[in-house]
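Have the sequence and the structure side by side as you read.

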Amino acid sequence: MDYIEPILGSIFGHHVNLSKRGSRSLIYSGGQEQRGFTRYIKRSELETSSYLKDDCVTIQCTIGKVQTRDEEKKPYVIPVPPSDMNQSLKDLMESEIGSDITFTVGNESFGAHKLILAARSLVFRAQFFGLVGNPGMETVVIEEFEPFASKAMLLFLYSDELPGPSELCDSDSLCTSTTLMQHLLAAADRYDIDRLKLMCEARLCEEITVDNVATTLALAEKHQCLQLKAFCLDFASKPENLGEVMKSEGYADLEKSCPSLLTDLLQNLLTGMCIGRK
């Protein structure tokens, strides 16, 4: 018999065949194995048909799944509220119930729980329970960060959420969202809290202005935030921004503390000018 061999495939556990002519719907049930139809096109017919072009046949299939059994309705309706674990842990920190470590930062102190901190930060784990750690430690003195940044870091470790300035600072404080993120990024880098560091980096990109970009650029360079650095360079090197950036206090500090970044800024500016001419 001069019939073309059937083209077999397996879709969702069922076999399908290339049947004879035109388009047709093939419906298979899941209860038994089926192999399509027994009628196939003859090779001689296929070779002389309009279906064959450049010795190739294009087969277009539309496959659908039909749900034949209605899912049984549950005989009860019990609404389950969303998880409040984050808030519960924040409340635990704020209440200091069961705390076994105190952080002293400037004139402020915060109680915390070693096990929670060790679970969230490898630095704290090593400090409290490592080979050279001190499980009996009762006080940690932090000198390199402001109290609001230290509290913000602790709140994140308990809740996995970025706290806002209103949770940390008085209404008269200079603790803006950008200032908080800058300090919090440094703390996250110090205590190896990668997720917090990336979240701060993303927020700082959103809050870039001509007044804070130079300070943020220096911060990105110091803590090896490559995406934040690139974003700051692109923003500062725009012709419409550069003049105002150079008038900012952060730019003056940048000239003294990290002059190599000025070279990066100039290179970025020249690159942008070259692209603009093309």
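This is a predicted model: local features need pLDDT of at least 70, side-chain atom pairs count only at pLDDT 80 or more; totals for chains, interfaces and linings use all residues.

You'll find Asp 160 in the loop that runs between α5 (147-159) and α6 (177-190).

Now check the backbone there. Asp 160 isn't a glycine, yet its phi is positive, at about 65 degrees. As a rule, most residues other than glycine have a negative phi. Asp 192 is another case: not a glycine, but with a positive phi of about 55 degrees. Asp 192 sits in the loop between α6 and α7 (194-206), and its relative accessible area of 36% makes it partly exposed too.

How many aromatic pairs does a search of the whole structure find? The count is 4. Take Phe 124 and Phe 128, which form a stacked pair, with 5.8 Å from centre to centre and 10 degrees between the planes. Both belong to helix α4 (residues 122-129), where they are 4 residues apart, or about one turn of the helix. Phe 128 also pairs with Phe 129: the ring centres are 6.3 Å apart and the planes sit at 75 degrees, so this pair is edge-to-face.

Buried or partly exposed, then? Phe 124 and Phe 128 are both buried, and Phe 128 comes in at 0% relative accessibility. Phe 129, on the other hand, counts as partly exposed because its relative accessibility is 40%. Zoom out and you'll see ring pairs linking Phe 103, Phe 124, Phe 128, Phe 129 and Tyr 191 into a cluster.

## Charges over the rings

Lys 114 places its charged end over the ring of Phe 128, 5.9 Å from the ring centre. Over at Tyr 191, Arg 190 lies over the face of the ring, at 4.6 Å from its centre.

Last stop: Tyr 51, Val 57 and Ile 59 make a nonpolar surface patch of about 260 Å². Ile 59 belongs to the loop between β4 (56-57) and α2 (85-95). Its relative accessibility is 42%, so Ile 59 counts as partly exposed.

Terms used. Residues are numbered from 1 along each chain as its sequence is written. Side-chain values use heavy atoms; hydrogens and water are left out. Patches are made of residues with over 30% relative accessible area and no salt bridge: like charges are joined within 9 Å, nonpolar side chains (Val, Leu, Ile, Met, Phe, Trp, Tyr) within 5 Å. Accessible areas come from the Shrake-Rupley method with a 1.4 Å probe; for residues, only the protein chains shown count as cover. A salt bridge is a side-chain nitrogen of Lys or Arg within 4 Å of a carboxyl oxygen of Asp or Glu. Helices (H or I, at least four residues) and strands (E, at least two) are DSSP runs, numbered from the N terminus. Buried means under 20% relative accessible area, exposed over 50%, partly exposed in between (1.4 Å probe, protein chains only). Rings of Phe, Tyr and Trp (its six-membered ring) pair if their centres lie within 6.5 Å; planes under 30 degrees apart count as stacked, over 60 as edge-to-face and the rest as tilted. A charge sits over a ring if NZ of Lys or CZ of Arg is within 6 Å of the ring centre and within 35 degrees of the ring normal.
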